[in-house]
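Subject: Structure handover

Hello,

Here is the structure we talked about, with notes on what was found in it below. Please keep the model open while you read.

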Amino acid sequence: NMQASPTPVKHTTSYDHVKPVLDCSQPTDCEREVWNQVNTVLQDSESVLADLQAYKGAGKEIRDAIQNPSDMQLQEQAWNSVCPLVIRLKKFYNFSLRLERALQSLLESLTCPPYTPTQHLEKEQALAKQFAEILHFTLRFDELKMRIPAIQNDFSYYRRTISRNRINNLNLDIENEVNNEMANRMSLFYAEATPMLKTLSTATTNFVTENKTLPLENTTDVLSTMASVCKVMLETPDYTSRFNSEDTLLFCMRVMVGVIILYDHVHPNGAFNKSSKIDMKGCIKVLKEQPADNVEGLLNALKFTTKHLNDESTPKNIRTMLQ
């Protein structure tokens, strides 16, 4: 006798009205002020990514200078190649600070009483979409950065050169732009495997700590709801067939991974344990069904930027899935 297998529970119904991830919503009047503020930041995000993608390090010039320490011309060439790169790295770092402020404004709007997180995501779809866009940008930035070892190489050469002050006759105007204190902060930023995500995780944690009167659930529920929306969209053929492009699929995956990481930083027990409101097994499974090239960076982010993956309370099968 054939045993009927239990029908998997479909969560689509409850999220059907919350499609902030896909639909381009116009801001309502009450959203407009925050929307405009965040929009000025998001407008610069594509050019930041284009700049990062075009980043060609000064590896060769630096090697030549180090191998021939007495050749002043080579020292100058290396220095002149590195300076514009450092200015560019400062631009990215400054952008991370703007992104952090934008994220905090969105969190304020999407968590304030008296509404539930789901009501917020329904009422403020334009802001939810911006929140998703910030995460999408962040994961793209970090995926690119992980592939450019030159960044840290160039920057540490810059710092060594300035601290030795060996090159007295070189153009040191740059020290006005990137002084020691700024260099220290940038150095910490670029030392992270996923610097933008780390910035946003810290910002979300600070948001929760500073808003003592706001129930933690207001924040974690917004994050877990968005993770579920993305997961449902990725695993539901109805939706995926409507996705007109691989880009939309990647958008959903990046947003899902982004909110999981923020949740893991903010929730005291993290995202991986049994009590988590995020179905981690389902989320990882959805990622693993995609072409490896598309998800390698995302799986790395889950491995390296989360806080609780290696906790005792993380089920073994989830840890195995991420190995």
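**Salt bridges and exposure**

Asp29 counts as exposed, at 67% relative accessibility; exposed means over 50% relative accessible area, buried under 20%, and partly exposed in between (1.4 Å probe, protein chains only). The model is predicted: local features need pLDDT of at least 70 and side-chain atom pairs count only at pLDDT 80 or more, while totals for chains, interfaces and linings use all residues. Residues are numbered from 1 along each chain as its sequence is written, and side-chain values use heavy atoms, with hydrogens and water left out.

Asp29 pairs with Arg32 in a salt bridge, at 2.9 Å from N to O. The term means a side-chain nitrogen of Lys or Arg within 4 Å of a carboxyl oxygen of Asp or Glu. Arg32 is partly exposed, its relative accessible area being 34%. As background, side chains of opposite charge can pair when their charged atoms come close.

The whole structure holds 13 salt bridges. These are some of them:

- Glu181 and Arg185 are joined at 3.2 Å, N to O. Both belong to helix α10 (residues 180-191) and sit four residues apart, about one turn of the helix. Arg185 is partly exposed at 37% relative accessibility.
- Lys285 and Glu289 are joined, with 3.1 Å between the closest N and O atoms. Lys285 is partly exposed at 48% relative accessibility, and Glu289 is exposed, with a relative accessible area of 54%.
- Lys231, Glu235 and Asp279 are linked in a network of salt bridges.

**The chain and its core**

The chain has 17 helices and zero strands. Of its 323 residues, 52% count as buried. Among contacts (heavy atoms within 4.5 Å) between residues at least 6 apart in sequence, 79% join residues at least 24 apart.

Which residues touch the most other members of the largest nonpolar core? They are Phe131, Ile134, Tyr158, Ile260 and Leu287, in a core of 94 residues. Helix α5 (residues 72-111) gives the most to this core, with 16 residues. Domain 1 (31-192) and domain 2 (215-322) both give residues to the core, so it lies between them. The domain bounds come from an automatic or database domain assignment. A nonpolar core here is a set of buried Ala, Val, Leu, Ile, Met, Phe, Trp, Tyr and Cys residues joined through side-chain atoms within 4.5 Å.

Leaving out residues up to four places away in sequence, Phe131 touches Leu103, Leu106, Leu107, Leu110, Leu223, Met226, Val259 and Leu262.

**Helix α5**

The axes of α5 and α10 come within 10 Å and cross at roughly 75°. Axes are lines fitted to C-alpha atoms, for helices over the stretch in contact, and angles run from 0 to 180 degrees between N-to-C directions. The two helices, α5 and α10, are therefore roughly perpendicular, the word used for angles of 65 to 115 degrees; under 35 counts as roughly parallel, over 145 as roughly antiparallel and the rest as oblique. Residues of α5 that include Val86, Leu89, Phe92 and Tyr93 meet a set in α10 that includes Met182, Arg185, Met186 and Phe189.

Thr111 is also found in α5. Thr111 is buried, with a relative accessible area of 1%. Its contacts, apart from neighbours within four places in sequence, are His120, Phe207, Leu214, Asn218, Thr219 and Val222.

Regards
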